[in-house]
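Here is a protein model to explore step by step. Keep the sequence and the 3D view side by side as you read.

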Amino acid sequence: MTNVMRRIRRTVPPASASCLCTLILLLFSAAAHAQFPGPDRVLSPEFGADGKVSFRLRAPLAQSVKLASSGDMPQIPFGQMLDMTRKPDGIWEISLGPMAPGSYRYTFNVDGVPVMDPVNPQISRSNDNPWSLFHVPGAGFMDDKSISHGAVAEVYYHSKVLDRSRRLHVYTPPDFESAGQHYPVLYLLHGAMDSDDSWSSVGRAGFILDNLIARQEAVPMIVVMPAGHTGPYVSGVSDLPIELFAREFREDIKPFIEQRYPVATTRDKTAIAGLSMGGGHSLEIAFNDLAEYGYIGVFSSGVFSITQNDGWEAARRSVLDDETLKPGLKTFWFAIGEDDFLLATSRASREMFEKHGFHPGFKLSEGGHTWTNWREYLHEFTPMLFK
């Protein structure tokens, strides 16, 4: 724009230049209005008084538009999509619900191409793609309330194990900057289809912690949410390199946090928990260095290959049978849905630990392998910590 104005001043008389400049500004304004329309802007998602949620996309040239979800919407089974209806004005629309309180991820599929909702700025990143995100209020434990809030930061560090820059998310509690104290730390790990962003976006971890701390049901703590994938992962194609991440965690992530943040490093102030793949990571990490972890949470998970007797138990028998390590493990808790495909793995893992003299708690809830359960599990597990 500046270069255009300079050329105008050099080539036309002042009066004409002024008129041309006005014309150009009008053209830029018209173009901006066409790209970002005002009153006729599509509203998506829209929340109705009846609890239904409407999704809309302006795509007048599309032949087909579908609504896809990450698997947490009960109306859209995992791996499936719903057809949207085209209106005469070229807007495609679908309404679902009523929707239960919670956060949900979705995308549009336009003629076979995944497309995020262009009028919804809220997003959540999974393992290999971003999702549009929306929240249905009504569950007090994870809603945004008028209380003191902590902060969730994206933090980058250099991984010596992987020889590259890596990112993690860190929750710090309200008044963290001025408190001048050392905090207990919870390492919170995500699942195979997610990323280090997931617990704080679709998982609502920051709001869950804020509400628990405000009600004095949980002590103020730092929550570290690292990236669990050490390389590209495709479900059903790639293996999960659990041992490699456990090594990076031990050599890079935990030392980085202990150097950069005021966290207590004693066993009674250190917790680890995770969902699905992150639950497997938690067991791998904790039972490699059990003297460092006083609290372990395993959500929708277990020792993944325990039903195939792959040697995990035998390799850790000295730790499992070390009676000096058991008293310091204050909380050991499994939780899973009755329809979860990892239910047998979770039960077999718990039975194996019981055989070695541990006493893990066990919660069997409704539902399956979804964020609907994992948010609830975090809400129930966190008050068990550091008491």
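The paragraphs below go through pockets, helix packing and some details of the backbone.

Keep in mind that this model is predicted. Start with the largest pocket. Its volume is about 1,100 Å³. A total of 43 residues line this pocket. To find its centre, look for Ala192, Met193, Tyr233, Ser276 and Phe341, the lining residues that lie nearest to it. Which elements give two or more residues to this lining? They are helix 5 (242–260), helix 6 (277–286) and helix 10 (371–381). Helix 6 gives the largest share, with four residues. Now sort the lining by class. There are 22 nonpolar residues, 13 polar ones and eight charged ones.

Two of those helices, helix 5 and helix 6, also pack against each other. Their axes come within 9 Å and cross at roughly 60 degrees. Helix 5 is therefore oblique to helix 6. The crossing is right-handed. Which residues of the two helices meet? From helix 5 come Ile242, Glu243, Phe245, Ala246 and Phe249. From helix 6 come Gly280, His281, Glu284 and Ile285. This contact between helix 5 and helix 6 has five nonpolar, two polar and two charged residues.

Move on to the second largest pocket. It holds about 350 Å³ of space. Its lining is made of 20 residues. Gln122, Ser200, Ser201, Arg204 and Phe207 lie nearest the centre of this second pocket. Several strands take part here. Strand 9 (123–125), strand 10 (130–136), strand 11 (151–159) and strand 12 (164–172) each supply at least two lining residues.

The crossing of helix 4 and helix 10 is right-handed. On the helix 4 side, the contact uses Ala205, Ile208, Leu209 and Leu212. On the helix 10 side, it uses Arg375, Leu378 and His379. By class, the residues of this contact are five nonpolar, one polar and one charged.

Finally, trace the backbone through some loops. Most peptide bonds are trans, and most residues other than glycine have a negative phi. Where does this model depart from that? A cis peptide bond joins Ser44 and Pro45, with omega at about -10 degrees. Pro45 sits in the loop between helix 2 (14–35) and strand 1 (46–47). Another cis peptide bond links Gly97 to Pro98. Its omega is about 5 degrees. Look for Pro98 in the loop between strand 6 (91–96) and strand 7 (102–110).

Asp163 lies in the loop between strand 11 and strand 12.

Methods:
Residues are numbered from 1 along each chain as its sequence is written. This is a predicted model: local features need pLDDT of at least 70, side-chain atom pairs count only at pLDDT 80 or more; totals for chains, interfaces and linings use all residues. Side-chain values use heavy atoms; hydrogens and water are left out. On a 1 Å grid over the protein atoms alone, a cavity is a set of points where a 1.4 Å probe fits but cannot get out, and a pocket is an open set with protein on both sides within 12 Å along at least five of seven lines; lining residues have an atom within 4 Å of a point. Grid points are joined across faces, edges and corners, and a volume is the space filled by probe spheres set on the points. Ala, Val, Leu, Ile, Met, Phe, Trp, Tyr, Cys and Pro count as nonpolar, Asp, Glu, Lys and Arg as charged, and the others, Gly among them, as polar. A crossing is left-handed if the near helix is turned anticlockwise from the far one by less than a right angle, and right-handed if clockwise. Contact means heavy atoms within 4.5 Å. Axes are lines fitted to C-alpha atoms, for helices over the stretch in contact, and angles run from 0 to 180 degrees between N-to-C directions. Angles under 35 degrees count as roughly parallel, over 145 as roughly antiparallel, 65 to 115 as roughly perpendicular and the rest as oblique.
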